[in-house]
Amino acid sequence: MLRVASGTSAPFLLSRLRPLLPPPPARGRKSRHDPPAKSKAGRVNRPPPVDPEELLVVRERYRQYREVLSALRAEFQEVVMRKRYEEKLGTLAAERAQQEIEEHRMLMAWNDAENARMHLKREERTQQEQKKEQQRKLQAAIHRETLDEQFLQEKTQEVLQLQEEAKHFITKENLDQRIEAALDNPKNYNFSIDKEGRVAKRTAVS
């Protein structure tokens, strides 16, 4: 008779009694070493045909499905890790969040001050550029006015000179007088000069 010690587990007892029990039913299944049935000896297992367009659609949907699952999994992991972080650190996390908020506020204040400083600097530069442009336009206007005055003076001088020369023009009124003066003071242009510009030889007026 088989004696059982107190405290022995049930799996241990089943392992001791297994050789004495009848074998479990095989349910008609083959082992991996049994040959195939005679009716299926020459059968070739062919997969069902696949439509290429349907395969592309299925693959695209599977890709989208995997991306959605990955995004959800990452979101859930982030939530879980945040909760663990909050539970683990507690007040330290709250203090760190408060420090980050304060640091963000300080950085925003510094950014606003820097923007205001750059705005003033840009306005000063714009005003200086406008002043330089006004001075340049004023200098150009003065130079143009000076050129106009010089041109007017030159033209006035030419007019005065022309008026002075007009006094010696030959007109109908002084034609006889100028003829008599030319006859009384004949001029001979038939002469030669030397290298120094002196008259060397002159022919007599006929």
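**A walk through a predicted helical and stranded protein**

Asp194 is partly exposed, with a relative accessible area of 27%. Here, partly exposed lies between buried (under 20% relative accessible area) and exposed (over 50%), using a 1.4 Å probe and protein chains only. The model is predicted, so local features need pLDDT of at least 70, side-chain atom pairs count only at pLDDT 80 or more, and totals for chains, interfaces and linings use all residues. Residues are numbered from 1 along each chain as its sequence is written, and side-chain values use heavy atoms, with hydrogens and water left out.

Stay with Asp194. Its side chain meets that of Arg198 in a salt bridge, 3.2 Å from N to O. A salt bridge is a side-chain nitrogen of Lys or Arg within 4 Å of a carboxyl oxygen of Asp or Glu. Side chains of opposite charge can pair when their charged atoms come close. Arg198 is exposed, at 53% relative accessibility. Arg198 also forms a salt bridge with Glu196, at 3.8 Å from N to O. Glu196 is exposed too, at 59%. Elsewhere, salt bridges with shared partners link Glu60, Arg63 and Glu67 into one network. The count comes to nine salt bridges.

Now step back to the whole chain. The protein has four helices and two strands. Along the sequence, the pattern reads α-α-α-α-β-β. These elements are DSSP runs, numbered from the N terminus: helices are H or I with at least four residues, strands are E with at least two. Of the 206 residues, 1% are buried. The protein exposes about 20900 Å², and carbon and sulfur atoms supply 56% of that area. Such areas come from the Shrake-Rupley method with a 1.4 Å probe; for residues, only the protein chains shown count as cover.

Helix H3 holds another pair. Glu114 forms a salt bridge with Arg117, with the closest N and O atoms 2.4 Å apart. Why about one helical turn between them? Because Glu114 and Arg117 are three residues apart in helix H3. Glu114 is partly exposed at 23%, and Arg117 is partly exposed at 42%.

Is Asn174 buried or exposed? Asn174 counts as buried, at 15% relative accessibility. The Asn174 side chain reaches the backbone oxygen of Phe169 at 3.2 Å.

Last, look at helix H4, the place of Ile179. Ile179 is partly exposed, at 42%.

Definitions and conventions:
A polar contact is a pair of N or O atoms within 3.5 Å; within protein, one must be able to donate a hydrogen and the other to accept it, and residues adjacent in sequence count only if both atoms are side-chain atoms.
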